[in-house]
Amino acid sequence: MELGLIGLGKMGGNMRERIRRAGHTVVGYDRNPDLADVHSLEELVGKLKGPRVVWVMVPAGEATQSTIDELAELLSPGDVVVDGGNSRWTDDEKHAEELGRKGIGFVDCGVSGGVWGLENGYALMYGGAAEDVAKVQPVFDALKPEGEFGAVHAGKVGAGHFAKMVHNGIEYAMMQAFAEGWELLEAVDSVTDVREVFRSWQEGTVIRSWLLDLAVRALDDDEHLEGLRGYAADSGEGRWTVEAAIDNAVPLPAITASLFARFASRQDDSPQMKMIAALRNQFGGHAVEAKK
């Protein structure tokens, strides 16, 4: 099939390549002309045959809103817009209503996989009407990991980003647990090789995971994480998860505490946050701050 893809950064660029490897045509647009196949959204839409599918992969908020506003004026009834960024699920409902008034379908898709997605595939959580999802399905099949799992039609519009938000909230808590355990091991005199303790957990333990593998990888790069400042940003999805928990009276003590720990990292050079920063860099290519 043909796909228009807007936003060719770390995630979008690799997604374009993976979709092309599956035999599909991708017309990509980015504000950076060195990355783009076309020079405007109008040119992108003009190169696609109807019914068109256009995937938006730009930062959440104003960038996504302005892109969807422009597409609403360029696309035709029966076309579909996919928001694959990290938008809030309440924005999805708004975008679906706006596009729906023009007969344009809307699908929201939470995407996980970071800088490893090109080779390993991307975990996909999408929401929307079945007929709109069907128009995008070949792209979902191209992006997902090999095998039975890795993609889900989570429900109505907003369900995909809500599911990805909860995924990221769980990720916060898991990273925090590894970080706290690592700091405690580093703090005692009796444990003389913390890195190898972490490595030993990679086989035969109930906490073995890709995050643990990435922690070991980070420690191989810098055994005591001495080159990192103990600072970790939050993308916003952890906050949205806690807000949704409050709205629905669901207790999330571990996820909430992990979010607050990131806030604490902005006040002091937290040893735990060195591990959080290292893990975010390993799986997503997120920037780290060198210790001064």
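Here is a quick tour of a few spots in this structure. It's a predicted model, so local features need pLDDT of at least 70 and side-chain atom pairs count only at pLDDT 80 or more, while totals for chains, interfaces and linings use all residues. Residues are numbered from 1 along each chain as its sequence is written, and side-chain values use heavy atoms, with hydrogens and water left out.

**Strands**

- Strands β1 (residues 2–6) and β2 pair up in the parallel sense over five bridges; pairing takes at least two DSSP bridges between the strands.
- Strands are DSSP runs of E with at least two residues, helices are runs of H or I with at least four, and both are numbered from the N terminus.
- Strand β2 (residues 25–29) is largely enclosed by the rest of the structure, because four of its five residues are buried.
- Buried means under 20% relative accessible area, exposed means over 50%, and partly exposed is in between (1.4 Å probe, protein chains only).

**Salt bridges**

- The structure holds 17 salt bridges, each a side-chain nitrogen of Lys or Arg within 4 Å of a carboxyl oxygen of Asp or Glu.
- One of them joins the side chains of Asp79 and Arg52 at 2.9 Å, N to O.
- Asp79 is buried at 2% relative accessible area, and Arg52 is buried at 17%.
- Glu196 and Arg199 also meet in a salt bridge, at 2.9 Å from N to O.
- These two sit three residues apart in helix α8, so about one helical turn separates them.
- Shared partners tie Arg195, Glu196, Arg199, Asp220 and Glu223 into one salt-bridge network.
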